[in-house]
Amino acid sequence: MDLFENVKVEKNANVYFDGKVTSRNIFFTDGTKKTLGVMLPGFYEFGTEKKEIMEIQSGTLKVLLPEETEWVDIKGGTSFEVPANSKFKLEVLELSDYCCSYVD
């Protein structure tokens, strides 16, 4: 989906890693939340509370998913899933635009 309708957007940005990763919270009428963000090149580690679906809109990165030993190449137009209550690593190779969905 390229367009979200009837949503509420939180004005304050989520800022991580000295501003190299930023996102905005988007709230839907059914109570679900997504974040829309941008990541600059670098190495990052994130933790999850809920299952996450990361849709990469543009850019190039590598992801190391929990309990895996091999990095996976990710390009714009693809996605990956991360289990709840886990950690994953990213190596962002070029500016990457993303949408993260949180799944109960």
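**Before starting**

Residues are numbered from 1 along each chain as its sequence is written, and side-chain values use heavy atoms, with hydrogens and water left out. Because the model is predicted, local features need pLDDT of at least 70 and side-chain atom pairs count only at pLDDT 80 or more, while totals for chains, interfaces and linings use all residues.

**Stop 1: the nonpolar core**

Begin by selecting Met39, Leu61, Phe80, Phe88, Leu90 and Tyr98, which, of the 16 residues in the largest nonpolar core, touch the most other members. Such a core is a set of buried Ala, Val, Leu, Ile, Met, Phe, Trp, Tyr and Cys residues joined through side-chain atoms within 4.5 Å, where buried means under 20% relative accessible area, exposed means over 50%, and partly exposed lies in between (1.4 Å probe, protein chains only). The elements that give two or more residues to this core are strand 5 (42-47), strand 6 (51-64), strand 8 (78-82) and strand 9 (87-103), and strand 9 gives the most, with 5 residues. Strands here are DSSP runs (E, at least two residues), as helices are (H or I, at least four), numbered from the N terminus. In soluble globular proteins, nonpolar side chains tend to be buried together.

Not counting residues up to four places away in sequence, Phe80 touches Glu52, Ile53, Met54, Ile56, Leu61, Val63, Leu65, Ile74, Phe88 and Leu90.

**Stop 2: a nonpolar patch on the surface**

Next select Val38, Leu40 and Leu95, which form a nonpolar patch on the surface with about 220 Å² of accessible area together. Patches are made of residues with over 30% relative accessible area and no salt bridge, with nonpolar side chains (Val, Leu, Ile, Met, Phe, Trp, Tyr) joined within 5 Å and like charges within 9 Å; the areas come from the Shrake-Rupley method with a 1.4 Å probe, and for residues only the protein chains shown count as cover. Leu95 lies in strand 9 and counts as partly exposed because its relative accessibility is 46%.

**Stop 3: the salt bridges**

How many salt bridges does the model hold? The count comes to 2, by the rule that a side-chain nitrogen of Lys or Arg lies within 4 Å of a carboxyl oxygen of Asp or Glu.

For one of them, select Asp104 and Lys50, whose closest N and O atoms are 2.8 Å apart. This pair links distant parts of the chain, with Asp104 in the segment after strand 9 and Lys50 in the loop between strand 5 and strand 6, 54 residues apart. Asp104 counts as exposed because its relative accessibility is 84%, whereas Lys50, with a relative accessible area of 38%, is partly exposed.

Then select Lys51 and Glu81, which form a salt bridge with the closest N and O atoms 3.1 Å apart. Here too distant parts of the chain are linked, Lys51 being in strand 6 and Glu81 in strand 8, 30 residues apart. Lys51 is partly exposed at a relative accessible area of 30%, and Glu81 is partly exposed at 43%.

**Stop 4: two buried polar residues**

Select Thr60 in strand 6, which is buried because its relative accessible area is 18%. The side chain of Thr60 makes a polar contact with the side chain of Glu94 (2.9 Å); a polar contact is a pair of N or O atoms within 3.5 Å, and within protein one must be able to donate a hydrogen and the other to accept it, while residues adjacent in sequence count only if both atoms are side-chain atoms.

Move on to Ser101 in strand 9, which is buried with a relative accessible area of 9%. The side chain of Ser101 makes a polar contact with the side chain of Lys34 (2.7 Å), and among the residues that Ser101 touches beyond four places in sequence are Lys51, Glu52 and Ile53.

**Stop 5: strand 3**

Finish with Arg24 and Ile26 in strand 3 (residues 21-28). Is Ile26 buried or exposed? Ile26 is buried, with a relative accessible area of 5%, while Arg24 counts as partly exposed at 37% relative accessibility. Arg24 and Thr35 are 11 residues apart in sequence and 5.3 Å apart in space, C-alpha to C-alpha. By contrast, the C-alpha atoms of Ile26 and Leu64, 38 residues apart along the chain, are separated by 26 Å.

Definitions and conventions. Contact means heavy atoms within 4.5 Å.
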